[in-house]
Amino acid sequence: MKRCPVHRTKIEYGSAPSQYGHLYHAADPADLPAVVRPVVLIHGGYWTTEFGLTIESAIARRYAERGALVWNIEYRRIGEPGGGWPNSLTDVVAALTALDEQARNALPDEVARVVDWSSVGVVGHSAGGQLAVAAVARLGARTAKTRITTVVAQSAALDLVGAGKAGRPSVRAFLGADYADAPQRYRDASPLEAPVFDAHVVAVHGDKDTAIPVAVSRDYVEAVTARGQSAELIVVPEEGHDVFVDPRSVGNRQTMRVLGI
């Protein structure tokens with residue numbers, strides 16, 4: 001598929017400085033496919049302000065070049081007012097809901113008319129994968145005007161209870177308490193504990209990941225499919241944790257294949 005010039009618009013979905021996103025699409029409507037898939041990107045980075053949505057900018061541009069409508073979102077993180085649990089999650093829920101109005105209304109008519117709002121894909125990497133699955137579960141895979149059909153969890157933090165019991169500092173900082181002091185909070189935040197929702201979850205994980213072992217995704221898929229959740233695991237050979245922000249990686253190519261772009 002040929003690449004094309006891309007247009008980017010900054011859109012606020014709330015009043016806090018980090019409640020915004022970048023919306024990408026082909027600059028020339030002639031470069032759009034007959035049906036455009038919306039894709040939401042949720043970056044990782046330990047839920048902290050050390051990382052922001054720009055780590056997904058190259059991925060967002062690549063997906064838009066391939067004909068997707070891409071909503072690359074920011075959210076409040078540890079290190080800024082309101083960051084951490086539960087506001088990081090409620091921000092992601094609000095950003096997904098913004099597909100109904102703020103993001104949709106920013107599109108030129110010739111773009112908006114070919115977007116398939118009944119098949120939104122949500123992609124989250126690492127901490128962003130936790131937020132992706134948890135937010136889609138909270139929404140029941142729907143907003144007022146969209147349906148989310150695919151969630152791609154890339155090397156994602158899918159078991160916060162297990163991470164809490166293991167004393168992972170990043171998870172403790174995100175949730176603001178040790179597991180022993182707030183076990184229900186860990187369960188509420190953990191994708192592994194989320195209710196079944198009507199979308200297909202694809203856990204994509206490199207087998208050389210040393211930050212979050214591939215066993216986390218494998219155990220997640222085994223557990224949630226046993227409860228009736230549609231889910232599958234794709235293991236990427238010889239790749240690690242950070243490959244998903246590299247457009248050239250096999251992990252990213254697998255993600256594009258799952259999304260159909």
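View 1. Of the 261 residues of the protein, 57% count as buried. Buried means under 20% relative accessible area, exposed means over 50%, and partly exposed lies in between (1.4 Å probe, protein chains only). This is a predicted model, in which local features need pLDDT of at least 70, side-chain atom pairs count only at pLDDT 80 or more, and totals for chains, interfaces and linings use all residues. Residues are numbered from 1 along each chain as its sequence is written, and side-chain values use heavy atoms, with hydrogens and water left out. The mean pLDDT of the protein is 97; pLDDT is the predictor's confidence in each residue, from 0 to 100. The secondary structure comes to ten helices and eight strands. Helices (H or I, at least four residues) and strands (E, at least two) are DSSP runs, numbered from the N terminus.

**View 2. The open sheet.** Eight strands form an open sheet with mixed pairing, in the order β1-β2-β4-β3-β5-β6-β7-β8. Two strands pair if DSSP finds at least two bridges between them. β1 (6-12) and β8 (231-236) are the edge strands, and each pairs on one side only. On average, neighbouring strands are turned by 20° against each other, direction ignored. Angles run from 0 to 180 degrees between N-to-C directions; axes are lines fitted to C-alpha atoms, for helices over the stretch in contact.

View 3. Contact means heavy atoms within 4.5 Å. The buried residues of α2 include Leu89, Val92, Val93 and Leu96. Among the elements that cover the buried residues of α2 are α5 and α7 (169-175). Helix α9 (residues 214-226) lies across β7 (200-206) and β8, running at about 160° to β8.

View 4. The largest nonpolar core has 64 residues, of which Val40, Ile42, Trp71, Val122 and Phe197 touch the most other members. Such a core is a set of buried Ala, Val, Leu, Ile, Met, Phe, Trp, Tyr and Cys residues joined through side-chain atoms within 4.5 Å. α5 gives the largest share of this core, eight residues. Apart from it lies another core, of 22 residues, among them Val6, Ala60, Ile234 and Val258.

**View 5. Around serine 126.** Serine 126 sits in the loop between β5 (120-125) and α5 (127-139). At 11% relative accessibility, serine 126 counts as buried. Beyond its neighbours within four places in sequence, serine 126 is in contact with Gly44, Gln154, Ser155, Ala156, Ala157, Ile212 and His241.

View 6. The peptide bond from tryptophan 85 to proline 86 is cis, with omega near 0°. Proline 86 is found in the loop between β4 and α2. Tryptophan 47 is not a glycine, yet its phi is positive, near 65°. Tryptophan 47 belongs to the loop between β3 and α1 (57-65), and is buried, with a relative accessible area of 3%. Alanine 141 also has a positive phi, of about 65°, although it is not a glycine. Alanine 141 lies in the loop between α5 and β6 and is buried, with a relative accessible area of 1%.
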